[in-house]
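Hello,

Here is the structure I promised to pass on. My notes on its interfaces follow below; please have a look when you get a moment.

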There are 2 protein chains.
Amino acid sequence: MTEFIPPGSRFHALSSPLPMKRGGTLHGARIAYETWGSLDAARGNAILVLTGLSPDAHAASHQADPSAGWWEAMLGPGKAIDTDRWFVVCVNSLGSCKGSTGPASPHPDDGRPWRLRFPDLSVEDVADTAAQVVRALGIGQLACVIGNSMGGMSALAFLLRHPGLARNHVNISGAARALPFSIAIRSLQREAIRLDPDWNGGDYDEDTYPESGMRMARKLGVITYRSALEWDGRFGRVRLDSDRRDDEDPFGLEFEVESYLEGHARRFVRRFDPNSYLYLSRSMDWFDIGESVGGDTDAGLARIRVEKALAIGVETDILFPLQQQRQIADGLRAGGADASFLPLPSPQGHDAFLVDIARFGPAVAEFLQTI
Amino acid sequence: MTEFIPPGSRFHALSSPLPMKRGGTLHGARIAYETWGSLDAARGNAILVLTGLSPDAHAASHQADPSAGWWEAMLGPGKAIDTDRWFVVCVNSLGSCKGSTGPASPHPDDGRPWRLRFPDLSVEDVADTAAQVVRALGIGQLACVIGNSMGGMSALAFLLRHPGLARNHVNISGAARALPFSIAIRSLQREAIRLDPDWNGGDYDEDTYPESGMRMARKLGVITYRSALEWDGRFGRVRLDSDRRDDEDPFGLEFEVESYLEGHARRFVRRFDPNSYLYLSRSMDWFDIGESVGGDTDAGLARIRVEKALAIGVETDILFPLQQQRQIADGLRAGGADASFLPLPSPQGHDAFLVDIARFGPAVAEFLQTI
């Protein structure tokens, strides 16, 4: 299975052997990352960005890769995360297929993909390997760690497991633990992939990629990443033009919203490794910042030490609902942080941080100006 | 494909040939229905119940079938829909597989199932054939038509297309048109069924029933029928006991919520005809009460004539959100009805009318006492 590595990637060789939290060991593993801006003499201006499930480390364009990144509008000179001031590092999660070691990477013993031989992946492993990258860059303390979605989980694990490594924190549409609605959605996405005969117990290749399973999983994802409110205004009941419909298919695409989902799915499949999707997805289900304190999530949050924190959520988010960001702010405050909760009325649901830059830009910029 | 016909069913032979709204014709078709209570001398105490996508006509127990029905807690002597006072008729929708003619029924020409030869099914066909049953029972005017979920759509079509046939109306978690979020969910459910190799273009039998596609469709349904709020309290992050887990399956069931979905799916598959599911599901996407007035849904509602109406919705319903029941009440009021909108804080989402009898019972009972 091909990995999908952005051309401007840099790589950090992880300590080897690398024991994984839930058992198993990696040898010769690596993390892909990209950076923007310059580390100042005091090494005090560094920001770490941790991503959602699917993005790579290419958050924004830079000299080595001038293509637009997934957070292009937020990150760059003069933007909300201003690279004239900050040295920004974005890492590709361990277990992904975008340059970091994951199930699609070659196993050191035989050079064949790890596939399901890859050890259980946890959010904590993602956090710990990101911390290795930070330290390898000579950063003793980050000014801030910013995490979006799954990255909001990774960021909390990072802060809890590496006290002192970050001074401040922005958590965007994140969660301190997985709740049953999102577990149910992700379980169904994984089932769709596993039911595809081409998945074949994880043993597929370019020619037998489980495309229909991945299409289903991605469509279900997109449905939960956006919001009914946005779609009412955007699609309503608009039909496809007849030349975009297949009249031979009695249950084929008819409404614009169906075509939108199909387009999203087509752009995703064959650009992401299905096994990697399974591992990353399940790591989110397992995550609870309170795991080490008997499943008391609030107590887990209160054990985190940061100076200032901002938890941003979106009213229309059904996957990481607003009370989860409120819980993060309350929990960090209980731990002594100067923590704020900012609910935003964006109509775009969980994905709003990618598109509603008019609201997210000023919120993040203002926070960063105070640290 | 077997049909699943409750033993207490009665049958009405539909007019033949029966032209369908979107083209095509049925011959020798029938509607299954059940009744409770007695029609009074003036034939003025009749109530029609129209169902959601999957239920049969067995809403409650009666002499010919003492098994509990799907609305057992609401319907019976002394209950909210009090069969000591009312003569209640519940019909199984045209296109279903529970006794009414649908894709699993024998085609009159060759005795083999209609399958995809069944003509396009619309909510209006469901309404019109229910009206035939009402008239055949000698009822000139219903005291009330009650519709739940898809039945709320059918009820609006019934009222618009058969003016004078019902005096009052209760719409429960219904909608005057399908909106893109619910279209997207249903489209994905249909895709799951169609992707199952056993679906085979609709040509399956008992031995090759598309079980995995139906399981996926049902699980996605259940996710959208309930609410995240309910599940947080009900399941939280509780794991299955080790004896209920398959350690050989690396991505098998682990959380209670996954097992709950699996149980729901197992009880549903092989009890519902997949082609029937496709037809009924798509009919909902097509529905807009404003279709005949240029897609102006409010204007369509305002063309309905009833005396009193009650539209009940649930705050946690993501599939038929609350604003859709508010729209129904507002639209019927614009048409001259004494129409109320009742939002309920039930945690159970779209399915609340099946389980939150403590709230739905009194609401429906009080309305029926005023008519």
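Domain bounds here come from an automatic or database domain assignment. For chain A that assignment gives domain 1 (10–179 + 289–370) and domain 2 (183–275).

A word on conventions: this is a predicted model, where local features need pLDDT of at least 70, side-chain atom pairs count only at pLDDT 80 or more, and totals for chains, interfaces and linings use all residues. Residues are numbered from 1 along each chain as its sequence is written, chains are lettered from A in the order in which they are written, and side-chain values use heavy atoms, without hydrogens and water.

Within chain A, the C-alpha centres of the two domains are 27 Å apart. Together the domains bury about 1,800 Å² (accessible area lost on being put together, 1.4 Å probe, summed over both parts). A:Arg115, A:Leu116 and A:Leu319 supply 27% of what domain 1 buries there, more than any other three residues. A:Arg115 also forms a salt bridge with A:Asp203, at 3.1 Å from N to O (the rule: a side-chain nitrogen of Lys or Arg within 4 Å of a carboxyl oxygen of Asp or Glu).

Between chain A and chain B, about 4,300 Å² is buried, 66% of it from carbon and sulfur atoms. A:Met216, A:Arg237 and A:Phe251 account for 19% of chain A's share, more than any other three residues. The rule finds 10 salt bridges across this interface; one of them joins A:Arg190 to B:Glu258, with the closest N and O atoms 3.7 Å apart.

Best wishes

Key: Buried area = accessible area lost by both parts, 1.4 Å probe.
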